[in-house]
Amino acid sequence: VILMGILIGTVKKCPTKLLVLLIVLSAILHGHSHGGEMQFALEPSLYAVGFIFTTLTLHILGVLIGKCSIKTRFRMSALRHGGAVIGCIGIILLIGL
């Protein structure tokens, strides 16, 4: 989360292969983390459906925000600020506040 936020907030043009690698790595770690939680859910199948639906929704929103942000400079600035916020949230999660 921290690395993705820093990249979104600071890098003007990031190599596509690096972005794909980071996305795949994040997806694997995210799925592993929540997959470990599933065994403690009261209804694991509902947990899985909710997890998949939420992940799909977040990915679609991310793609739409990214596509809309490249059309104007103002929106690109907003995307960069959003990346900085994401990085800060990652740091807060890391230190456990």
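**Entry 1: confidence.** Confidence is lowest in helix H1 (residues 2-10), with a mean of 71, and highest in H3, with a mean of 83. Over the protein, the mean pLDDT is 79, and 91% of the residues reach 70 or more. I remind myself that where pLDDT is low, the predicted coordinates should not be read in detail.

**Entry 2: ground rules.** I am working with a predicted model, where local features need pLDDT of at least 70, side-chain atom pairs count only at pLDDT 80 or more, and totals for chains, interfaces and linings use all residues. Residues are numbered from 1 along each chain as its sequence is written, and side-chain values use heavy atoms, with hydrogens and water left out.

**Entry 3: the overall build.** How many helices and strands does the protein have? I found four helices and zero strands, running α-α-α-α from the N terminus on. Helices (H or I, at least four residues) and strands (E, at least two) are DSSP runs, numbered from the N terminus. Along the principal axes, the C-alpha atoms fill a box of roughly 45 × 30 × 25 Å.

**Entry 4: contacts and surface.** I counted a contact as heavy atoms within 4.5 Å. Of the contacts with a separation of 6 or more, 51% join residues 24 or more positions apart. The accessible surface (Shrake-Rupley method, 1.4 Å probe; for residues, only the protein chains shown count as cover) comes to about 7,800 Å², and 77% of it belongs to carbon and sulfur atoms.

Entry 5: Buried means under 20% relative accessible area, exposed over 50%, and partly exposed in between (1.4 Å probe, protein chains only). Of the 97 residues, 11% count as buried. In H3, I found Ala48, Thr55 and Ser69 buried.

Entry 6: Is Leu93 buried or exposed? Leu93, in helix H4 (residues 73-95), counts as exposed because its relative accessibility is 63%. Leu93 and Ile2 are 91 residues apart in sequence, yet their C-alpha atoms are 9.4 Å apart in space. Ile86 also lies in H4 and is partly exposed, at 36% relative accessible area. From Ile86 to Ile6, 80 residues apart along the chain, the C-alpha separation is 8.1 Å.

Key. pLDDT = per-residue confidence, 0-100.
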